[in-house]
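Subject: Handover of a structure and the findings from it

Dear colleague,

Please find below the structure that I am handing over to you. I would ask you to look through it once before reading the notes that follow.

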Amino acid sequence: MKLTQKIRLSGRYGRMYYIVAGIIDIACAVFILFDPMATPAILLIKLMSIPVLAYLFFALASNEKTFFYLNLGFSRNEYRYIPIVIDALAFVLLVILSIILSHVIFPA
């Protein structure tokens, strides 16, 4: 199974993780847009939210669903860490974009 196929399948079983993490990412990006100096504090908030969301994601995942994806060729690590990595990459891209836009919208 290719990595792109695994990422697409992760959207099915990790939908709630992606939704909640996406809301947090967008809220952080909007906050950084209006106050770029708060970026370190926002990064700490995001770093603290990742383990909490991951714990809830793993604790609430049904075992039947887990075994279904393991039978498709996922390893347990891929099953657990693909949504976290995708979320982290999306957060970094949103932060970079919001910092760039904050300098365009509110020039110093």
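How many helices and how many strands does the protein chain have? The protein chain has five helices and zero strands. Read from the N terminus, its elements run α-α-α-α-α. Please keep in mind that this is a predicted model.

Two further values describe the chain as a whole. Of its 108 residues, 31% count as buried. Among the contacts between residues at least 6 apart in sequence, 78% join residues that are at least 24 apart.

**Helix 2 and helix 3**

Two packed helices are described by the angle between their axes and by the distance between those axes. For helix 2 and helix 3, the axes come within 11 Å and cross at roughly 175°. An angle over 145 degrees counts as roughly antiparallel, and helix 2 and helix 3 are therefore roughly antiparallel to each other. On the side of helix 2, the contact is made by Tyr17, Val20, Ala21, Ile24, Asp25, Cys28, Phe31 and Ile32. Helix 3 contributes Thr39, Ile42, Lys46, Ser49, Ile50, Leu53, Ala54 and Phe57. Sorted by class, this contact has twelve nonpolar, two polar and two charged residues.

**Helix 3 and helix 5**

Helix 3, which covers residues 39–60, also packs with helix 5, which covers residues 76–105. Their angle is about 160°, and their axes are 11 Å apart. Helix 3 and helix 5 are therefore roughly antiparallel to each other, and their crossing is right-handed. From helix 3, the residues in contact are Thr39, Ile42, Leu43, Lys46, Ile50, Ala54, Phe57 and Phe58. From helix 5, they are Tyr79, Arg80, Pro83, Ile84, Asp87, Phe91, Val95 and Ile99. By class, the contact of helix 3 with helix 5 has twelve nonpolar, one polar and three charged residues.

**The aromatic pairs**

Which residues form the aromatic cluster? Tyr17, Tyr18 and Phe57 form one such cluster, and the count of aromatic pairs comes to two. Tyr17 and Tyr18 form an edge-to-face pair, 6.4 Å from centre to centre and with 70° between the planes. Tyr17 is buried, with a relative accessible area of 3%, whereas Tyr18 counts as partly exposed at 22% relative accessibility. The rings of Tyr17 and Phe57 have their centres 5.6 Å apart and their planes at 55°, so this pair is tilted. Tyr17 lies in helix 2 (residues 15–34) and Phe57 in helix 3, so the pair ties together parts that are 40 residues apart in sequence. Phe57 counts as buried, at 11% relative accessibility.

**Individual residues**

Is Asp87 buried or exposed? Asp87, a residue of helix 5, is buried, with a relative accessible area of 4%. Leaving aside residues up to four places away in sequence, Asp87 touches Tyr17, Ala21, Asp25, Lys46 and Ile50.

Ser102 also lies in helix 5. At 2% relative accessibility, Ser102 counts as buried, since the limit for that class is under 20%. Which residues does Ser102 touch, not counting residues up to four places away in sequence? They are Ile32, Leu33 and Pro36. The C-alpha atoms of Ser102 and Asp35 are separated by 8.0 Å, while the two residues are 67 residues apart along the chain.

Ala38 lies in the loop between helix 2 and helix 3. Its relative accessibility is 11%, and Ala38 counts as buried.

Leu47 lies in helix 3 and is exposed, with a relative accessible area of 56%. Leu47 and Ala88 are 41 residues apart in sequence and 9.3 Å apart in space, C-alpha to C-alpha.

With kind regards

Key
Residues are numbered from 1 along each chain as its sequence is written. This is a predicted model: local features need pLDDT of at least 70, side-chain atom pairs count only at pLDDT 80 or more; totals for chains, interfaces and linings use all residues. Side-chain values use heavy atoms; hydrogens and water are left out. Axes are lines fitted to C-alpha atoms, for helices over the stretch in contact, and angles run from 0 to 180 degrees between N-to-C directions. Helices (H or I, at least four residues) and strands (E, at least two) are DSSP runs, numbered from the N terminus. Angles under 35 degrees count as roughly parallel, over 145 as roughly antiparallel, 65 to 115 as roughly perpendicular and the rest as oblique. A crossing is left-handed if the near helix is turned anticlockwise from the far one by less than a right angle, and right-handed if clockwise. Contact means heavy atoms within 4.5 Å. Ala, Val, Leu, Ile, Met, Phe, Trp, Tyr, Cys and Pro count as nonpolar, Asp, Glu, Lys and Arg as charged, and the others, Gly among them, as polar. Rings of Phe, Tyr and Trp (its six-membered ring) pair if their centres lie within 6.5 Å; planes under 30 degrees apart count as stacked, over 60 as edge-to-face and the rest as tilted. Buried means under 20% relative accessible area, exposed over 50%, partly exposed in between (1.4 Å probe, protein chains only).
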